[in-house]
Structure formats: C-alpha cells, structure tokens
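The following paragraphs lead the reader through one structure, beginning with a single residue and ending with the whole chain.

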Amino acid sequence: MNDVETTKPGGAQTVHAAGVSIKDLRKSYGSNEVLKGISLEVKPGEVVCLIGPSGSGKSTLLRCVNLLEQPNQGAIHVGGFEATDPDVDIDKMRRKVGMVFQQFNLFPHLDVLRNCTVAQTKVLKRSQAEADKIAQANLDRVGLGHLAKRFPDQLSGGQQQRVAIARALSMNPELMLFDEPTSALDPETVGDVLAVMRKLAREGMTMLVVTHEMAFAREVADRVVFMDGGVVVEEGVAERVIGAPQQPRTQEFLRRVL
Ligand code: ADP
Ligand code: MG
C-alpha cells in the first residue's frame with residue numbers, strides 16, 4: 001500500500017486523508033485511445049489542477065478515478081482502495097469521493113435542503129434529522145444557508161453549483177473531483193463558486209480540479225498538470241507550469257487561454 005492512508009493528527013472535525021495515485025492509466029473508446037499511460041498523484045490535502053485543451057482526456061481521467069469509466073489498463077488507488085482491483089467495493093470507495101460537474105444536475109422537484117439530504121439518507125442511511133443538520137451546515141459553509149427552502153430554478157447558476165458542492169460535502173468525502181465547475185456559469189457568478197473552492201482548499205480538502213481558470217489554478221493549486229492528447233505533457237508548481245512553461249505544447253495552450 002502507498003502513503004495515501006495517512007491520517008492527519010489532531011482530531012480536527014474534518015480529516016481529509018484520501019489521496020489519489022494513478023499509474024500508467026490507459027483508456028480507449030473502441031479504437032480511440034484517449035488516455036495513453038497517465039501517471040498522476042494527488043497527496044492527501046493537496047490541490048492539483050488539471051489543465052489542457054478540449055478533447056485531451058481530462059474528463060475521462062476524472063471519471064476513471066471513481067469508476068464512472070472502466071480503465072483498460074493501469075492502477076488507480078483512492079484512499080485505502082485499489083479502484084482497479086476487480087474485487088473492489090465500488091460503493092464504499094465512491095463514498096470517499098465527491099464529484100462536481102460542469103452541469104450541476106440538481107433534482108428540480110426537490111428544495112435545496114432535500115437535494116443535499118437524499119443521498120445521505122438513501123446511501124449512508126442517516127436519519128432525516130441528522131441529514132438535515134449536516135446539509136444545513138454545508139449550505140452555511142458555501143454561503144447558502146438562507147436559501148435551504150428554495151428550489152433549484154429559483155437560484156442562479158452559481159448558487160446551484162454551490163448547492164451541488166454542499167451536496168457533495170454532505171457525504172463527507174475525503175477527496176473532491178471538480179470537472180470544469182465554472183464553465184457553464186454566467187461570468188458574474190463564477191467568483192462565488194471559486195471562493196468556495198478556495199475555502200475548501202484552505203481547509204485541507206484533497207482536490208483534483210479540471211479548470212480553465214488559470215488565475216485560480218495559479219493561486220490555489222499546489223501543482224498543475226497539463227494534459228494534451230491523452231498524455232501528461234508537463235507538471236509542476238503552478239508558478240512554473242503556468243508562469244514559465246517549458247514545453248511548446250503547454251506554451252501554445254497558455255497563449256490561447258491567457
Ligand atoms: P476533455 O475533458 O479533456 O475535453 P474528454 O475526456 O471528454 O476530454 O474526451 C477525450 C476524448 O474521448 C475525446 O476525443 C472524446 O470524443 C472521447 N470520448 C469521451 N467520452 C467518450 C465516450 N463515452 N465514448 C466515446 N468517446 C468518448
Ligand atoms: Mg471535459
């Protein structure tokens with residue numbers, strides 16, 4: 001086993017112990033190999049931003065981490081679980097992982113609070129009262145405690161995305177995966193979502209974030225990984241990868257997005 005099972009001492013109320021370790025991951029759709037041997041590590045408490053052009057395999061990589069896609073080859077460890085072990089308890093493993101997508105996928109017929117309690121009661125078998133309490137605390141955490149009784153269509157896109165984050169947090173994940181969480185938002189609501197993510201990062205949450213927000217990546221990421229064509233082209237601290245990229249493909253990508 002690698003070092004991802006370490007637990008932070010001190011009895012903090014939130015312990016984010018899960019890391020991710022990916023070794024030589026390959027994934028094809030038919031004859032189209034979209035991940036061509038990716039190795040990547042996110043240590044417990046670390047924030048890694050994944051950047052790269054559209055079609056480079058970023059979403060596929062994230063989806064492999066919680067087995068929404070089945071890898072063809074390679075090894076993935078998430079917390080104490082080997083995701084690529086055929087005998088892995090997928091449900092148990094997924095409970096460690098929160099995922100936030102570009103589309104928030106809230107239940108339109110449920111109010112904000114219920115959106116944050118359904119999985120708690122169904123999957124974790126928490127009582128409704130306990131789930132309500134946890135959901136309310138996480139809505140407060142993302143600054144939306146006062147909107148618990150609203151319905152999704154009464155919220156801005158940014159508010160809906162913050163609800164989606166609160167919903168994920170209500171499952172007490174040890175790792176959060178974000179796939180372009182601000183790409184579908186009106187520009188004026190992007191900042192609030194990034195602020196919530198920044199706060200989570202400061203609290204020590206382990207995060208793997210696909211984003212086009214280079215200023216965010218530069219400020220928040222411990223490391224930045226640039227992917228293109230299904231391979232990791234360059235990785236390192238944000239200041240170097242975004243500020244002084246070495247590889248021509250990274251330089252060209254950044255010229256286009258900055
Ligand atoms: P990114 O998130 O970096 O834009 P994706 O991981 O979404 O890239 O896609 C990488 C490649 O895999 C693309 O060429 C895309 O068309 C292909 N792809 C993604 N999902 C599927 C799928 N379910 N079936 C077939 N091809 C797919
Ligand atoms: Mg994508």
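Is Phe226 buried or exposed? In this predicted model, Phe226 is buried, with a relative accessible area of 0%; buried means under 20%, exposed over 50% and partly exposed in between, using a 1.4 Å probe and protein chains only. Phe253 is likewise buried, at 2%.

These residues form the 1 aromatic pair that the structure holds. The rings of Phe226 and Phe253 are tilted, with 5.3 Å from centre to centre and 40 degrees between the planes. Rings of Phe, Tyr and Trp (its six-membered ring) pair if their centres lie within 6.5 Å, and planes under 30 degrees apart count as stacked, over 60 as edge-to-face and the rest as tilted. Because Phe226 lies in strand β9 (residues 223-228) and Phe253 in helix α10 (residues 248-257), the pair ties together parts that are 27 residues apart in sequence.

The protein comprises 10 helices and 10 strands, taken as DSSP runs numbered from the N terminus (helices H or I, at least four residues; strands E, at least two). Of its 258 residues, 51% are buried. Among contacts (heavy atoms within 4.5 Å) between residues at least 6 apart in sequence, 64% join residues at least 24 apart. The C-alpha trace spans about 50 × 45 × 40 Å along its principal axes.

Residues are numbered from 1 along each chain as its sequence is written, and chains are lettered from A and ligands numbered from 1 in the order in which they are written. Local features need pLDDT of at least 70, side-chain atom pairs count only at pLDDT 80 or more, totals for chains, interfaces and linings use all residues, and side-chain values use heavy atoms, leaving out hydrogens and water.
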